[in-house]
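Here is a short briefing for a first look at this structure. Keep the sequence and the 3D view open as you read.

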Amino acid sequence: MAYHFCSSSILKWSLSITCLCLHIARNSAEFPTIEHTSIKNGGSVSFLVVGDWGRGGNFNQSKVATQMGEIGKKLGIDFVISTGDNFYYTGLKGVNDPMFKKSFTNIYTAKSLQIPWYIVLGNHDYMGSTGAQLSPVLRKIDNRWHCMRNFIVETGILDIVFIDTTPFVDKYFENPKKQRFDWKDVMPRGKYMSYLSKNLDLALKKSEAPWKIVVGHHTMKSIGSHGDTEEIVTHLLPILEENEVKMYINGHDHCLEHLSNEEGSIQFFTSGGGSKAWKNEIHYKNHNDSTHFYYDGQGFMSVEITYDKAKIAFYDVSGKPIYKINTMV
């Protein structure tokens with residue numbers, strides 16, 4: 001039997017009307033879907049992306065948040081995406097962990113950011129209680145919080161598939177050192193990876209939207225300190241290529257960057273500059289011919305999408321646009 005939990009709200013931001021409905025089929029193997037339809041002039045969808053942020057306002061997290069509020073107001077954004085590593089250093093201890101308010105509710109206070117946040121887990125989130133971040137209890141504390149392991153957001157012109165990349169990374173299992181991970185509900189690992197891969201492919205094949213985007217925490221293509229995540233490249237990149245995904249958006253590397261595959265058919269965007277950055281580890285030779293932009297610092301990303309065009313911009317900690325690109329469907 002399938003259960004459907006629905007809620008709706010009307011949010012007015014720059015003459016936009018947003019209706020949010022959540023449909024979850026509890027006994028279905030498919031990813032749960034959030035329907036987020038936006039009616040704006042021209043039928044556009046706009047959102048911000050930030051990752052690797054939760055440090056209680058430190059390491060310029062508060063400054064980045066302030067500028068997100070300004071850009072969010074200017075663009076009339078519909079929602080915010082977090083690419084994971086939401087709470088450092090070891091996630092949340094439980095649903096009553098004060099870090100939730102200290103690093104989220106009390107930081108992203110601008111009116112323009114009081115909208116749904118769609119969130120994936122990062123590897124640091126797995127070092128705490130993943131169940132806490134996934135719990136609906138947090139949504140009662142702050143109704144913006146929408147975090148699931150894997151899910152889909154449908155907007156009409158855009159389908160975004162959010163995926164849980166941490167269980168794919170071998171070293172977290174084979175050589176965790178002193179790190180301890182919460183693997184509850186993802187074991188046996190092979191079965192979980194197979195489930196995720198199968199349903200990612202299914203979600204993308206079923207999508208009829210002109211734009212298909214996938215969001216995960218770990219990099220696929222990066223010249224930053226972590227570089228490519230080989231396991232993600234091996235298991236998931238072929239699925240994205242086969243299904244003509246336009247963008248893969250991630251965090252993990254604490255930087256802002258734009259790369260593409262050799263054919264230029266998939267754009268890889270890293271938005272992991274939500275707080276601590278300046279790693280000063282750049283490996284240009286890894287993707288010399290396909291690197292379009294790299295910024296080793298703090299900031300965030302904006303995306304504006306219409307039926308046939310997308311505008312992407314990166315902003316630094318002062319809100320200055322440091323890179324812009326337009327792309328067609």
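Predicted model: local features only at pLDDT ≥ 70, side-chain atom pairs only at ≥ 80, totals over all residues.

The backbone oxygen of Lys184 lies 3.0 Å from a polar atom of the Arg149 side chain. Residues are numbered from 1 along each chain as its sequence is written, and side-chain values use heavy atoms, with hydrogens and water left out.

**Around Arg149**

- Arg149 sits in the loop between strand S7 (145-147) and strand S8 (151-154). Helices (H or I, at least four residues) and strands (E, at least two) are DSSP runs, numbered from the N terminus.
- Arg149 is buried, yet it has no salt bridge. Buried means under 20% relative accessible area, exposed over 50%, and partly exposed in between (1.4 Å probe, protein chains only).
- A salt bridge is a side-chain nitrogen of Lys or Arg within 4 Å of a carboxyl oxygen of Asp or Glu.
- For Arg149, the nearest side chain of opposite charge is Asp164, 4.0 Å away. Lys and Arg count as positive, Asp and Glu as negative; His and the chain ends are not counted.
- Leaving out residues up to four places away in sequence, Arg149 touches several others, among them Leu121, Thr130, Leu134, Phe162 and Tyr192. Contact here means heavy atoms within 4.5 Å.

**Strand S5 and its neighbours**

- Strand S5 (residues 79-82) is covered on both faces. Phe79 and Ile81 are buried on one side, Val80 and Ser82 on the other.
- Strand S4 (residues 45-50) pairs with S5 in the parallel sense, over 4 bridges. Two strands pair if DSSP finds at least two bridges between them.
- Leu48 stands opposite Val80 in S5.
- From S4 the chain crosses through helix H1 (residues 61-75) to S5, a right-handed β-α-β crossover. Right-handed means that, with the strands pointing away from the viewer, the path from the first strand over the helix to the second runs clockwise.
- S5 also runs parallel to strand S6 (residues 117-119), joined to it by 3 bridges.
- Ile81 stands opposite Tyr118 in S6.
- From S5 the chain crosses through helix H2 (residues 99-105) to S6, and this β-α-β crossover is right-handed.

**Salt bridges**

- Side chains of opposite charge can pair when their charged atoms come close.
- The count of salt bridges comes to 5.
- Glu30 and Lys206 meet in one of them, at 3.0 Å from N to O. Glu30 lies in the loop between strand S2 (16-23) and strand S3 (33-39), and Lys206 in helix H6 (residues 189-206), so the pair ties together parts that are 176 residues apart in sequence.
- Glu30 counts as partly exposed, at 36% relative accessibility.
- Asp142 and Arg144 meet in a salt bridge of 2.9 Å, N to O. Asp142 is buried at 6%, and Arg144 is buried at 3%.
- Lys205 and Glu242 meet in a salt bridge, also given as 2.9 Å from N to O. Lys205 lies in H6 and Glu242 in helix H8 (residues 237-242), so this pair ties together parts that are 37 residues apart in sequence.
- Lys205 is partly exposed at 45%, whereas Glu242 is exposed at 55%.

**Backbone points to check**

- Most residues other than glycine have a negative phi, and most peptide bonds are trans.
- The peptide bond from Tyr88 to Tyr89 is cis, with omega near 0 degrees. Tyr89 is in the loop between S5 and H2.
- Met187 and Pro188 are joined by a cis peptide bond, with omega about 0 degrees. Pro188 is in the loop between helix H5 (171-174) and H6.
- Asp85 is not a glycine, yet has a positive phi of about 55 degrees. Asp85 lies in the loop between S5 and H2 and is buried at 1%.
- Asp185 is not a glycine either, and has a positive phi of about 75 degrees. Asp185 lies in the loop between H5 and H6 and is exposed at 57%.

Technical notes
Polar contact = N/O pair within 3.5 Å; in protein donor to acceptor, adjacent residues only side chain to side chain.
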